[in-house]
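Q: Hi! I have a new structure on my screen and I would like to learn how to read it. Could we go through it together?

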Amino acid sequence: MIDIIIIGGGIVGASMAYELAKYQLNVTLLEKETELSFGVSKSNSGIIHTGFQDDYNSLKGRLAVRGNFLYREISRLLDFPFIPTGELVVAFPGEKESIEEIKENGDRLGIPGIEIVDGEWLNKNEPMLSKEIEYALLGPTAAVINPWEVIYAMAENAISNGVKIYCDNEVHSIAKINNFWRVKTYQAEYESRYVINAAGLSADKISFMAGIKCPIIIPYKGEEFILDRHADRLTKRIVFPVPKKHTKGILIIPTVDGNTMIGPTSNEVTDKEDITTTKKHKDEVLKAAQKLAPSINEDLLIASFAGLRPTTREGDFYIKEEQNGFINIVGIKSPGLTAAPAIAEYVVNILAENTTLPKKKKYNPKRKSMPRFRLLNTKERNTLIKKDTDFGEVICRCELVTKGEIKEAIRRGARTLDGIKFRTRSQMGRCHGAFCTSKIMAIMSEELEIPFDKITKRGQGSELIKRNEL
Amino acid sequence: MNYKKYDLIVIGGGPAGMAAAAGASSSGVKDILILERMPGLGGILNQCIHLGFGLEYFKKEMTGTEYAARYKKIVYDKDIEVKTSCLVHKITPEKNVSFVSRDGEFTVSAKNIIMATGCRERTREMLTVPGTRPSGIFTAGLAQEMVNIYGLMPGHEVVIVGSGDIGLIMARRMTLEGAKVHFVLEILDHLSGLIRNKVQCLDDFKIPLYLEHELMEITGKNRVEAIRYRDNKTGREKVISCDTVLFSVGLIPEQDLLIDSGITTGNGIFLTGNADYVHDLVDNVTKEAEKLGRSIN
Amino acid sequence: MDNKKKKKFTCIICPKSCELKTDGTEVSGAKCKRGKLFALQEFVSPLRVITTTIRYENKNNFKMVPVKTSRAVPLNKTFEIIRQIKKIRLQKIPGIGEKIPLKNLSEKTELIVTGE
């Protein structure tokens with residue numbers, strides 16, 4: 001019998017798995033997509049917020065501040081990049097009062113180091129920003145991460161501590177039978193004492209399946225645009241405008257990988273699968289970003305994507321043990337990524353109210369990151385190549401990704417081209433995979449022992465080719 | 001590989017690199033090294049199984065593969081060192097060249113460097129075409145590699161965006177392999193590729209070319225399901241269902257090695273072939289690169 | 001030139017792409033002899049060399065072998081010839097220039113391997 005089933009393999013589900021792996025529990029995570037992070041999380045902006053933009057009275061405000069703190073230790077243990085960029089909320093003429101209010105809120109949340117800086121400071125430290133900006137609120141604790149990288153790191157650690165993770169396992173029914181939950185997927189059937197619902201956009205659907213009311217999820221679409229690395233990091237810090245009522249606005253985000261990202265938009269949509277980008281929103285993002293940094297222009301755009309935020313009308317996170325061991329984690333939109341480790345901690349505390357949670361005696365606190373050939377020096381590279389000559393065969397020349405890394409990504413669970421992309425950065429460079437896609441497919445075909453026509457971009461239905469032979 | 005200073009290092013063993021090395025060798029340059037990232041010489045010619053090569057240079061019409069084979073012989077008949085399956089990732093103003101291979105990472109230096117790194121295709125992402133990002137979207141060159149090198153069939157119902165030569169060639173290639181190529185969209189009021197390619201690849205198979213037509217949106221969740229396109233003359237929009245979109249919307253010289261290394265040409269560092277600017281004909285690439293090679297001393 | 005029977009072609013012999021006109025006996029617009037012949041042939045029956053690939057496969061490996069028809073064949077026979085080529089199974093990888101016979105065709109042609 002399973003102790004806890006986690007439904008959903010995004011940042012919340014992965015954080016839960018990572019946290020619960022510390023205890024003497026039999027934990028299983030179910031994900032409907034072919035790989036973890038393929039739902040809401042893969043399109044996240046990757047910002048670890050200070051937390052000062054969320055009300056000090058709200059659950060999300062408190063959990064974001066705590067999550068920001070927890071990430072520092074977790075990134076060290078799990079060996080993923082956590083870049084402490086800091087953030088700025090900038091004030092154009094007439095907006096100083098707004099950033100003073102945010103500062104006051106941040107002070108109440110106990111966020112360290114926040115201060116208001118003036119135009120002179122901005123000129124010196126962020127010269128690319130518009131000269132019309134008069135003041136900015138500086139939050140030094142903000143950072144950037146790659147959301148999928150954190151999820152894979154947490155999942156790998158959890159697996160090494162005995163957690164079972166099953167992808168391509170979409171839940172279709174949940175029933176309480178005596179004192180356990182029966183969870184059925186299209187592939188299998190599970191029984192568990194507890195169910196933790198971390199299903200993102202489908203969290204309301206999952207809750208209703210169990211016969212439990214919860215806030216309705218309203219998808220809010222965000223479109224983002226990535227600038228070429230030739231443009232370098234435009235700003236050192238994440239730059240926010242003064243927030244509007246429901247959104248933090250369109251930002252400039254220096255990414256972990258050295259690109260600059262601009263966006264996201266925020267629009268309510270009806271379709272939970274609507275991840276289209278539009279010309280209208282591209283123009284909107286460009287205009288808003290140019291207001292912050294005038295040198296941004298359309299020619300610098302190299303990629304775009306869209307994602308959906310699982311928003312609720314109520315606004316705050318909804319985290320609650322409903323009845324008989326069903327725990328809902330619903331409406332985890334921004335700052336959900338930041339808060340995720342704190343959400344996991346919070347849920348463990350809920351569990352601890354009704355059951356004893358002894359820690360594992362043998363627990364592996366660590367995880368080693370994938371080798372990143374591009375980031376190594378010559379000596380390190382040669383050591384790697386000596387051990388395995390596949391590290392001497394460059395497959396993705398734009399990002400200098402080797403065959404050794406592609407194979408390692410597959411060993412760590414990559415089953416799709418997107419999964420390999422997220423783990424290795426192959427296909428993310430200037431040629432967008434034009435030079436390496438066939439080569440990666442050949443490696444996948446060999447390593448996974450599947451024919452070419454079974455290789456997908458992101459799971460069943462997204463096969464790359466139509467026929468194996470001409 | 002022992003550390004050695006070369007008179008000339010040619011980066012890239014495609015038609016430009018081979019010709020530059022051959023030209024230099026025939027004018028007496030001694031220690032020449034070609035560094036090629038693929039397992040063999042020939043570059044992109046190896047996936048060009050169609051005719052249209054060599055008429056100017058070899059005075060004979062041949063396929064890209066035949067042209068490559070013929071020129072490889074010229075290189076191997078000369079005293080030129082060729083190292084394949086190695087990727088150059090850095091060059092310095094002092095003309096040190098670093099590359100990665102299965103034997104390790106090495107740095108060699110040269111009196112002269114010729115960059116013959118070819119070009120890459122512009123992609124859907126660079127055009128920021130609105131819509132979804134399903135599978136079934138390829139550059140024409142990637143589709144060409146899949147069909148001609150790997151023997152894979154990328155799709156059945158095809159729309160080609162852009163009238164560049166590779167797109168036209170792939171319109172015919174996909175048709176011969178049984179695909180239905182609906183049409184080629186071109187945003188400009190004229191063909192981008194060679195007229196002879198339009199005649200042989202589109203007209204012969206009655207594939208329409210729509211000039212002044214723009215791709216507006218790609219739809220489909222997991223796989224391409226349809227595209228929306230607009231006639232810019234009338235402003236009318238239409239939707240057609242398809243499972244594959246091939247992009248042939250221009251080529252970009254691959255000079256990123258220089259840009260990323262923070263150096264420019266001059267002082268013994270040269271660009272040639274499509275890495276310099278994009279050529280219509282390989283024959284001209286060969287001639288120019290040979291000439292450059294001969295001028296090296 | 002007989003205007004009624006006149007047809008227009010774009011020459012594909014070389015990249016100059018001359019615009020040719022012919023009534024089946026006389027040709028205008030051609031800058032070379034080959035262009036003239038092209039127009040006359042095109043008037044009667046367009047001929048093209050077909051290029052494609054043949055798959056070689058064994059347990060551990062495969063290779064697509066590029067080929068062309070040994071001569072230009074009627075355009076309207078293209079798909080018939082392609083169908084015959086698809087039936088071919090290679091026992092070994094042939095060398096460049098090697099000939100591969102094509103059977104059961106109304107057109108007499110064979111295949112020439114164009115790649116190494």
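Q: Let me start with one strand. In β8(B), which residue is the bridge partner of B:Val100?

A: Good place to begin, and do remember that this is a predicted model. When you read a strand, look for the residue it pairs with on the neighbouring strand. Here B:Val100 has B:Glu105 of β8(B) as its bridge partner.

Q: How many bridges link β7(B) and β8(B), and do they run parallel or antiparallel?

A: Strand β7 (residues 96–101) of chain B pairs with β8(B) in the antiparallel sense, over 6 bridges. The two strands form a hairpin, with 2 residues between them.

Q: Which way does β1 of chain B run beside β8 of chain B, parallel or antiparallel?

A: Parallel this time: strand β1 (residues 5–11) of chain B is joined to strand β8 (residues 104–115) of chain B by 6 bridges. To find the spot on your screen, look for B:Val10, which stands opposite B:Ile114 in β8(B).

Q: And what does β8(B) do with β19 of chain B?

A: β8(B) also pairs with strand β19 (residues 269–271) of chain B, in the parallel sense and over 3 bridges. In this pairing, B:Ile113 is opposite B:Ile269 of β19(B). As you look along strands, keep a general idea in mind: in a regular strand, side chains alternate between the two faces of the sheet.

Q: Now the chains. How many residues of chain A and chain B are in contact?

A: For a contact between chains, count the residues on each side. Chain A brings 43 residues and chain B brings 41. On the chain A side, the elements giving two or more residues are α7 (279–292), β17 (301–311), α9 (378–387) and α12 (437–447). The largest share, 5 residues, is from β17(A). Sorted by class, this side has 15 nonpolar, 16 polar and 12 charged residues.

Q: How many residues does the contact take from chain C and from chain B?

A: There, 21 residues come from chain C and 20 from chain B. On the chain C side, β5 (51–57) and β6 (62–69) each supply at least two residues. That side divides into 10 nonpolar, 7 polar and 4 charged residues.

Q: What domains does the assignment give for chain A?

A: A domain can be made of several stretches of a chain, as you see here: domain 1 (1–81 + 144–217 + 312–369), domain 2 (87–140 + 218–307) and domain 3 (373–454). The C-alpha centres of domain 1 and domain 3 of chain A are separated by 29 Å. Their contact takes 7 residues from domain 1 and 6 residues from domain 3.

Definitions and conventions:
Residues numbered from 1 in each chain as written. Chains lettered and ligands numbered in written order. Predicted model: local features only at pLDDT ≥ 70, side-chain atom pairs only at ≥ 80, totals over all residues. Contact = placed C-beta atoms within 7 Å. Helix = DSSP H or I, 4+ residues; strand = E, 2+ residues; numbered from the N terminus. Nonpolar A, V, L, I, M, F, W, Y, C, P; charged D, E, K, R; others polar. Domains from an automatic or database assignment. Pairing = 2+ DSSP bridges.
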